[in-house]
Amino acid sequence: MLSIFEQLTERVEHHLNVIYDDVDLSISISDLCHQLLTTMRISQANSIVEPKQHHNNWDQNDVLLITYGDSIEKSGEKPLHTLHTFLKSYCADSINSVHILPFFPYSSDDGFSVIDYSTVNESLGNWDDIEAITQDYRLMSDVVINHCSSRSAWFTNFIKGEGPGHDFFYTAAPDTDVSNVVRPRTSDLLRLTETENGEKYVWCTFSHDQVDFDFTNPNVLDAFVSIIRQYLDTGIRLFRLDAVAFLWKTIGTSCINLEQTHETVRLLRTLIEHAVDDAVIITETNIPNRQNLTYFGNANEAHGIYNFSLPPLLVNSLVTGSCKHLKAWLCSMPPAQNGTFFFNFIASHDGIGLRPAEGLLDDKELTTLVNTMQNFGGRISWRKSENGEQKAYEINIALYDALQGTTKGEDKWGLERFVCAHAVMFGLEGIPGVYIHSLLGTGNDYEKVRNTSQNRSINRHKWDFDNLETQLADPNSQHAKVHSRMVELLNIRRSQPAFHPNATQFTLQLGEQLFGFWRQSLNRTQSIFCVHNMSSEPQDLRLSDLNLIGTDTWLDLISNQPINLEDLEYQLQPYQSLWISNTP
């Protein structure tokens with residue numbers, strides 16, 4: 001029988017053979033394997049953790065807050081310290097994990113053009129501030145793995161032709177046929193760069209300040225293993241692989257979701273989970289739903305995947321009053337195996353991605369959704385389609401404003417519609433991620449858009465902490481109303497075994513206006529029927545459609561009101577949600 005070290009070595013070498021099958025390496029696979037194990041500090045048997053297969057390192061208590069390090073600022077104080085204070089003061093019982101968006105020195109894209117992966121942006125704080133947060137919360141960090149800043153030391157060395165990083169970047173000839181390459185941007189793919197070795201055309205998937213790495217060079221892989229090891233040492237346990245779908249490039253292909261990319265994710269998981277047993281990888285792949293699901297692998301790739309189809313489908317349901325597409329999608333979704341989970345979100349620092357809705361909403365429906373969001377102050381980001389046409393890639397809008405009305409215009413149901421959206425997300429199979437501006441009911445920041453000329457800035461407001469505390473102390477403010485309703489729902493959710501991320505889920509057939517699903521705890525003792533009125537009119541729910549067991553006592557957890565099974569129908573008010581649970 002192979003020892004744990006021999007098993008690990010065999011697995012890593014297999015990953016590397018798949019990744020570098022067509023690459024002429026200057027190092028043997030065996031030596032590269034040893035190098036990576038040494039970098040991750042698992043090259044000795046006594047340093048290796050044996051991971052549990054199909055084990056869930058999460059439960060219904062897990063809720064993640066998504067925020068920038070400086071989303072909340074206070075004069076005279078480092079933002080990471082202010083954020084920590086906010087978390088302890090306003091999220092203590094409702095949030096146990098936090099995703100701090102890139103907190104490293106950067107040159108553009110609000111952090112996603114990283115200059116130095118090893119240091120904390122001094123305007124935010126330092127590693128001591130990060131480690132302090134990890135003492136109280138599970139922390140997710142971005143690993144911006146596809147590209148870095150053109151102002152990084154690595155790229156400077158690329159221009160000089162010597163030093164660390166000089167061979168880290170992917171280049172192509174200017175006449176290369178890149179017509180099949182799938183991209184989320186309309187800028188030129190290749191950036192002309194003058195170097196000591198002559199003109200080079202550097203691959204830039206996103207912008208010319210974000211230069212793509214060349215993972216055919218195994219030193220790039222080793223550099224990122226070193227980065228991840230450093231983050232583990234600081235207490236970070238959740239790793240978001242940003243834009244990972246674009247990692248591997250092969251000329252003549254789409255350069256997205258290639259097998260070498262998938263195998264690299266599998267390799268990183270193998271290394272990470274043999275170093276720390278409760279560490280988790282989440283892939284950020286803003287792509288059509290079927291492609292996104294492949295990042296689960298066979299429960300051997302990402303632990304979690306972003307549920308990117310949820311935001312456009314849920315928003316579309318709430319502004320049209322029809323859940324037919326949302327329901328059809330949920331019916332088609334496979335359950336996550338134990339050891340994997342869906343990461344559910346409906347708002348983020350970016351926007352509402354439309355590619356994940358392709359094939360789920362038709363062109364006319366997508367156009368209606370885009371027009372409705374523009375009527376509520378939203379902006380649109382564009383991409384080039386496969387035939388060279390511009391297509392809407394993303395809707396940039398604060399979720400609170402996105403749900404202030406329907407396709408008919410604004411109405412009085414904005415708050416209820418907004419809360420309903422989150423009641424849906426909090427009940428679904430998976431772990432919920434709440435964007436800080438959703439937790440606080442922040443609206444569109446038009447001034448920031450004007451100042452930055454970037455559409456995504458509309459949902460990246462920076463709060464003054466003192467002003468925020470004043471708003472949250474006023475029960476009549478929109479921010480206090482949203483915060484209290486959200487916290488109330490989260491506190492209910494976190495005490496229900498049927499809301500475990502891997503608990504059973506079945507979609508209910510309740511018509512177009514009522515969206516429902518049934519959750520059952522892993523031990524099958526608790527059932528929760530989640531029913532949501534997606535329309536602006538009252539809707540009658542036939543209790544017989546839920547198949548509630550007559551010998552059980554049933555309670556709506558949200559209103560804390562009993563459900564009388566002798567009543568044939570229950571009327572839901574506009575955008576009302578029910579979490580109907582059996583009670584002992």
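How many helices and strands are there in the chain? Counting DSSP runs, with H or I of at least four residues for helices and E of at least two for strands, the chain has 17 helices and 27 strands. The radius of gyration, taken over C-alpha atoms, is 24 Å, close to the 25 Å that the globule rule gives for 584 residues, so the chain is as compact as a globular protein of that length. That rule is 2.2 Å times the number of residues to the power 0.38.

A word on what we're looking at, everyone: this is a predicted model, where local features need pLDDT of at least 70, side-chain atom pairs count only at pLDDT 80 or more, and totals for chains, interfaces and linings use all residues. Residues are numbered from 1 along each chain as its sequence is written, and side-chain values use heavy atoms, with hydrogens and water left out.

Let's go inside. Buried residues (under 20% relative accessible area, 1.4 Å probe, protein chains only) make up 60% of the chain.

Now please find helix 6, residues 218-233. Of its 16 residues, 12 are buried, including Phe224 and Tyr231. Asn217 caps its N-terminal end, with a side-chain oxygen 2.9 Å from the backbone nitrogen of Asn219. Just after the helix, Gly235 takes a positive phi of about 100°.

Technical notes:
Expected span 1.5 Å × (residues − 1). Buried < 20%, exposed > 50% of the residue type's maximum accessible area, 1.4 Å probe, protein only. Polar contact = N/O pair within 3.5 Å; in protein donor to acceptor, adjacent residues only side chain to side chain.
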